[in-house]
Amino acid sequence: MAEITLKNLSIEFGSFKAVDDVSLTVKDGEFVVYLGPSGCGKTTTLRCIAGLVKATHGDVLFDGQRVNDLSASERNIAMVFQFVSLYPHLSIKENIVFPLKARGVAKAEIARKLDWVTDVFKLGDELRRYPGALPPGARQKVALARAVIRDPAVLLLDEPLSAIDEQFREEMRWELGHLQRQLGVTTIYVTHDQREAMSLADRIVLMNDSRIVQVSEPDRMFFDPVSVFAGQFIGSPSMNLIDLVPVDGGLRLGDSHVTLTAERDRLPQWALSSKRPLKLGIRPLNVHLTDEQTAGVSLPVDDVFSVGRERFFSFTIGGNLYQGVDKRKSPSGSEGRVHFDPDGLLFFDAASGRRAHAEEMA
Amino acid sequence: MTHARTSTIDLAGRWLVLGLLLVYTIYNVGPIFWLLLSSFKSRMDLFTMPPKLFFTPDLSGYQSVFGVGAAKDSASAIGVFDSLVNSVIVSVAGTSLAVFFGTLAGYVCSRFNFIGKGDFMFFVLSTRMLPPVAVLVFYHLMFARLGLADTRFGLILVSIFANVGLATWIMKGFFDGVPKEVEQIAIVNGYTRMYAFTRLVLPMVKGGIAATAGFCFIFAWNEFAFASILTTTQAKTLPVKISAASGATGIEWTQICAAGVVLIIPVLIFFYLIRKHLLMGMTFGVLGRS
Amino acid sequence: MSNANTPAGADGQAVAHATRQNALRKRSSGRLMIFGFLSPTLAILLFMVAYPIFSLIYYSFHNFSALRQSTMKPVGLGNYQYLLSDPELWERFIFTGKFVFICVSLQMLIGIFVGYQMQKNFRGRDVIFTILMMPMMLSPVVVGFLWRYMLNSEWGIINFLLSSVGIAKVDWLGQTNAALWAAAAADTWMWTPFIVLLATAAFRGIPETIYEAAEVDGASPAYRFFRITLPMSAPVLFIALILRLIDSFKQYDLFVALTGGGPGSSTQTVSFSVAKTAFSYFYTGEASALAVILLVIIIGLSMILVRHLTRMGEKY
């Protein structure tokens, strides 16, 4: 087990900066998920930790030891790749024991370890078969077994579930989380799927454009995003973002005639008096329909669709469509009263996209 | 990029690999260079020890290959230039026909299942594997009987036979790369299979046909065994002619080297043109399909 | 089909009939195409391969010379008995075997080594690759003469280079063993590029993530090469091996130009022997028998080859 530290890590390919000045410490035994859109530098960071890509600047430390110049095979890491990387000419059993054999581990020890992973992953029937004969999900399970068989200091997972069917993916995700807690191995997981990140991570590292946007626990990532990007990347449906125009006694929503007022919508004082233009971020689950004349603002509303007990609806402000979620049936007619939950109001600096806070806006 | 840690063993290993590659490159390229150099050497310079790297170029080798100002060896034999003409005629005619027949057969083998297809495919390929001398024992008699001995026509016939198997296999590989839906859609729309083949499929494998022709040409052009046994004077090809290029003063090395250079030039051109399909041609259309 | 159930009784029947006829015509047009497209190739091959081979087999049971074609005496297995009891023939097979073994081993070893280096991407790779392929493109006769020229014991470049580093001159083509190695050097020079070509393709066909996985799994470069690279490219390398086995086994052109079979008859391959027997001594019956033996060996090897080619063809 190991603690991993990235110190001002930059990785360049020619003139392209894939990773730009990233610093982070992953604690021993922690499950950290790198999340971000494709091309944001998360996989490159992971491959650099693995030793498959060299750092251009900065350091990678394992338990305080600089490992930049160690090759992947010298780092005591294990990795599961996005696309299947089992050795097609070797049986499942041979695949799993490959890392042990490659390091010249004694036969008895190999047999013992093999029994252990076979048991953990319930692989008994598959051991004699070949990768080509297994479905993608089962192959990734084998890849995972191969990764953990030699107690790596760090387990690196590069979108391991993205090539698997939806249904099996859920199951694997659950098993993976369970396994990680059981083994207590420091784990770094890369994905672009925010639901995977939210359900697996101790901490999420959100990346965009080669840089870290935010590092925090899943809950805080959701409720307390540091920027418009963080707010919109996490959560589905995506966070609504509405222009705010300061008016007398409140903030007007975009081009509409609708105004949020200080007392009814409990707007903070600093937001009302902000010198810089702001945007309002609000998650659909904080937008409700209401019958009370005093509680919400009047906006054109469309029913969109229902999933189970939840009703997804949209509303229009100044020609732009926004989304909300409600548990109740909406009032009839196209005009409804929409209530913005005051606890869910997030203010962002319109120019930079960063979260606006009281101190800065004074 | 950062400095990778290099142990002494790694470093030594890397230098060893580089050294071995260098030795191989010299072994590989050296003889070609020497061939080129020697083709410009006069008889005097050829035998000088130590060998000269710089000398006044002597074009007599090339002159005799292209029939410029060089005397024929004897009145009855054809000149080296005539054998070059024979080579061109035989290779071009043999290649064209082999590719034509091979394209037809390759298409059928790619698209249809018929009784004995596997055997047919094996039979076709085995012609490529056949040791020429084995069939030559019989050709030698047959050609004499049919009046084909020492004729270009006879050599063209041999050239077709020697290459049609290769052409069939490579073309099958190229046709395999064309989706079957191409013809299925055409047939559904009321066109005949023949129309689909000539108007749709053939244009799609134009590059493949060119590559196949390139391969067949290279083999036909370099062919020696058949031509050496089945010709005596008139139909000799260039490879055969140079093998007999020993004059009164021993082997005419300058002439042989010049002929070697002349022989390699069209091959290099074809080689360059078909470089993308090299792998396909060398594995009978099985590997390197793209 | 029941007429009563078709809405437009007679019409429906007519349509069905027409469709069936169409299908029939299509099937027969397919047959016509198979026949038409295959027959030229088949005709040429029957005439140029099957007919000669059957004739060869026929001749091989006869005492027969091309010089006196009127006298053909059946001798049964006489030619075969004579050949198989002739120590000279066994010499030819032993020489050919040695030649094949040396050539194929050298070519596979060097080819795999160079191919392994050539799979990496580096600047100028394509140019170097093209240059490396050149020997394969030469006519075997030119190769033979070129090496004969370079190997000349008095004024050849090779002995000059050897003597300049203090090694005594070798009479390359005048001694049996030296001539064997000289021929192997020439054949290896010509055909190693072929192995390089196939090996490079095979190695490059292995996905990058497989290597990365092996690297992460802690495999040393050597372990990676022997446990991953070689086994995964084995099918292609096997095809290369069989092709070289067949080609070097039937090698003839090179020896005509390089050694002329000498010194004595010590560097005659089996192919060379067939040619010599048939076209110098005109023992056509005996040559036919030897040719049949040669054919059986080559066809055996070809069958292995074709089986693997077909399997590869299905896979890709």
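**Chains B and C, then chain A**

Analyst: The contact takes 69 residues from chain C and 74 residues from chain B; two residues are in contact if their C-beta atoms, placed from the backbone, lie within 7 Å. This is a predicted model, in which local features need pLDDT of at least 70 and side-chain atom pairs count only at pLDDT 80 or more, while totals for chains, interfaces and linings use all residues. Residues are numbered from 1 along each chain as its sequence is written, and chains are lettered from A and ligands numbered from 1 in the order in which they are written.

User: Which element gives the largest share of the side of chain C that touches chain B?

Analyst: Helix α1 (residues 9-60) of chain C does, with 15 residues. Helices (H or I, at least four residues) and strands (E, at least two) are DSSP runs, numbered from the N terminus.

User: Now chain A: how many helices and strands?

Analyst: Chain A has 10 helices and 20 strands. Its C-alpha trace spans about 80 × 45 × 35 Å along the principal axes.

User: What is the order of the open sheet with 4 strands?

Analyst: The order in chain A is β2-β1-β4-β5, with antiparallel pairing; two strands pair if DSSP finds at least two bridges between them.

User: Which strands stand at the edges?

Analyst: In chain A, β2 (16-26) and β5 (65-66) do; each has a single partner strand, so one side of each is left without a neighbour in the sheet.

User: And what is the bridge partner of A:Leu61 in β5(A)?

Analyst: That partner is A:Arg66. Strand β4 (residues 57-62) of chain A pairs with β5(A) over 2 bridges, in the antiparallel sense.
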